[in-house]
Each structure stands twice: as structure tokens, then as C-alpha cells.
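Have the structure open as you read.

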Amino acid sequence: MTTSAAASGLSTDTASALRPHAEQTYATELEALAGADDRQRPPGWRLSPWAVTQYLLGTTLDDGTEITPKYIGSRRVVEVAVATLATDRALLLIGVPGTAKTWLSEHLAAAVSGDSTLLVQGTAGTSEEAVRYGWNYARLLAEGPSEAALVPSPVMTAMARGSIGRIEELTRMPSDVQDGLITVLSEKALPVAELGVEVQAQRGFNIIATANDRDRGVNDLSSALRRRFNTVVLPVPDSAEDEVRIVTQRVEQLGRSL
Ligand SMILES: Nc1ncnc2c1ncn2[C@@H]1O[C@H](COP(=O)(O)OP(=O)(O)OP(=O)(O)O)[C@@H](O)[C@H]1O
Ligand SMILES: [Mg+2]
């Protein structure tokens with residue numbers, strides 16, 4: 001499969017990508033789960049919360065399909081995370097480095113929306129445009145504000161598609177940019193004042209953010225924003241066996257992709 005942008009020579013072959021996305025790597029597992037899943041799915045979800053949990057924790061389906069465990073650790077952590085996404089609260093994953101915050105967020109988005117790529121990386125330089133929208137300035141100057149000149153952020157795209165949007169390292173973003181998310185999360189709409197329109201979030205939209213414990217205090221979340229998130233703390237593995245399983249699994253995956 002190729003992506004558009006052929007003219008620029010940037011189109012790439014996803015089959016030979018160095019690191020395929022979770023929904024590509026585990027496409028067969030996701031398909032098998034969707035087939036076996038007869039429980040009710042929240043609007044806009046590809047799978048039921050039960051099937052998402054099975055995808056993350058691993059199981060064997062009735063037809064014998066093996067679902068590999070993605071997250072090794074407490075079932076409760078996964079259940080709370082999945083349940084949160086089905087409500088109108090957003091999900092904030094917190095933990096020390098290497099506790100699978102990014103990993104879990106990618107797999108959750110892949111299982112719920114079939115797309116883990118609507119991602120904003122939080123850094124000190126993340127601008128408001130990265131969580132709202134920007135403009136193609138050549139077009140803006142030539143034609144004035146129009147929908148064609150609008151460059152939607154991953155968050156705006158997720159709202160319009162009813163998908164999960166991901167924000168990495170939320171607390172590294174400047175506070176005013178973080179607060180741009182408050183309207184998105186409480187109103188479920190993103191107004192484009194220049195065009196006099198708004199993008200309304202479709203059913204299935206939600207946000208998964210990650211934040212590093214070590215960054216606490218860098219740009220602490222405002223209480224207004226914090227209230228719109230359910231926080232799940234990812235623990236460090238609590239036994240040596242779990243740690244060995246995590247490392248073994250990771251080495252196997254790396255070996256396979258190399
Ligand atoms: N409980 C776990 N179950 C399965 N894999 C795990 C677990 N903990 C860590 N890993 C592995 O560790 C790798 C690193 O985790 P990840 O990059 O998601 O950490 P992080 O919490 O986002 O760290 P950082 O704060 O540095 O961004 C993952 O790719 C995953 O393979
Ligand atoms: Mg991370």
C-alpha cells in the first residue's frame with residue numbers, strides 16, 4: 001500500500017517500513033478479534049471494550065487464533081484505561097520512563113480506532129497549531145481563509161473522523177498550548193474563527209495523553225485540564241518474572257522485524 005504524496009517522491013511502502021504501526025503489525029489479530037467479537041461496541045469503535053482488553057492482555061480465541069499479550073502487568077490497569085476511553089473523559093497515562101505509556105497508547109488507539117497515527121509530540125516548542133489547526137500560508141495569501149487553506153492538526157483530524165488522538169509527553173508542552181485542549185475536551189468542538197465554522201467531534205473521538213513522572217513540574221497540568229482526564233498510573237513490573245517476560249517479548253519482536 002502506498003500513501004499519497006507521490007509527486008513529492010515521499011510516498012512510502014508500508015510493507016517495508018522499518019517500524020510498522022501497531023495496526024499493521026497486528027492486523028490479523030485485530031481482524032480475528034473483530035470477527036469473534038459479538039459484544040456491543042461503543043459508537044465509533046472497531047471492537048467492543050472486552051475485545052480491546054483481550055487484544056492488550058492476550059488470549060486464545062475459540063477458533064484457535066492466538067492473540068499475543070501486548071501489555072504485561074495488571075489487568076486492572078488495562079480495564080480502567082479501556083473503560084475510560086468509552087466515557088467522555090480523556091485518558092492520561094503517567095509513569096516513570098519505560099513503563100510502556102507510549103506502547104499502551106499506540107495499541108489502545110490501534111484496537112479502538114484502527115489508527116494509531118494521529119499523534120502530537122509534546123515538546124517545549126509545540127505550538128498551538130499542533131493541537132488546533134494551522135494554515136497553508138501560500139494559499140491563505142492567494143485565496144484568503146478557506147477550508148482548502150486550513151491545515152488540520154492530528155487532534156482536529158481525530159475529531160472529524162471519530163478516532164483516538166494521541167498526545168505524547170503532554171507536560172512538556174507549554175501550558176497555554178495544553179489549555180487549548182480544554183475546549184476540545186469539554187465542548188467536543190473546535191471552532192475555526194477565521195471561517196466561522198466549527199469541527200464537531202464525531203462519536204468515537206477521544207484523547208490518550210502520556211506524561212512522564214520525571215517531568216512533573218515542568219509544565220504541570222492546569223486543574224481545569226486535569227479534571228478532564230482520568231489518570232492511570234502505569235506501575236513498574238512487580239516481579240522479576242514479569243520483567244523477564246517483557247524483555248523476552250521485546251527481543252522476539254525486534255528479532256522478527258530485523
Ligand atoms: N508492562 C509492559 N508490558 C509490555 N511491554 C512493556 C512493558 N513495560 C515496558 N515494555 C516495553 O518497553 C518498551 C518501552 O516502553 P515505552 O516507550 O512505551 O515507555 P514510556 O513509558 O513511553 O517511556 P518514556 O517515558 O521514556 O516515553 C515498550 O516498547 C515495550 O516493549
Ligand atoms: Mg513514551
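## The largest pocket

The largest pocket in this predicted model holds about 950 Å³ of space. Its lining is made of 33 residues, and those closest to the pocket's centre are W103, H107, Q249, R250 and Q253.

Which elements give two or more residues to this lining? They are α1 (22-25), α5 (101-113) and α10 (240-257). The most comes from α10, which gives 8 residues. Sorted by class, the lining of the largest pocket has 14 nonpolar, 11 polar and 8 charged residues.

## The second largest pocket

Next, find the second largest pocket, with a volume of about 230 Å³. Among the 14 residues that line this pocket, L85, T87, R203, G204 and F205 are the closest to its centre. Here the lining divides into 7 nonpolar, 4 polar and 3 charged residues.

## Where two helices pack

Now turn to helix α3 (residues 49-57), which packs with α5 at an angle of about 140°, the two axes being 10 Å apart. Why is α3 called oblique to α5? The angle between them makes it so, because an angle counts as roughly antiparallel when it is over 145 degrees. The crossing of α3 past α5 is right-handed.

Which residues make the contact? From α3 come V52, Y55 and L56, and from α5 come L104, H107, L108, A111 and V112. By class, the residues of this contact are 7 nonpolar, 1 polar and no charged.

Note on methods:
Residues numbered from 1 in each chain as written. Chains lettered and ligands numbered in written order. Predicted model: local features only at pLDDT ≥ 70, side-chain atom pairs only at ≥ 80, totals over all residues. Heavy atoms only, no water. 1 Å grid on protein atoms, 1.4 Å probe; cavity = no way out; pocket = protein on both sides within 12 Å on 5 of 7 lines; lining within 4 Å. Points joined across faces, edges and corners; volume = space filled by probe spheres on them. Helix = DSSP H or I, 4+ residues; strand = E, 2+ residues; numbered from the N terminus. Nonpolar A, V, L, I, M, F, W, Y, C, P; charged D, E, K, R; others polar. Axes fitted to C-alpha atoms, helices over the stretch in contact; angles between N-to-C directions. Parallel < 35°, antiparallel > 145°, perpendicular 65-115°, else oblique. Left-handed = near helix turned anticlockwise from the far one by under 90°. Contact = heavy atoms within 4.5 Å.
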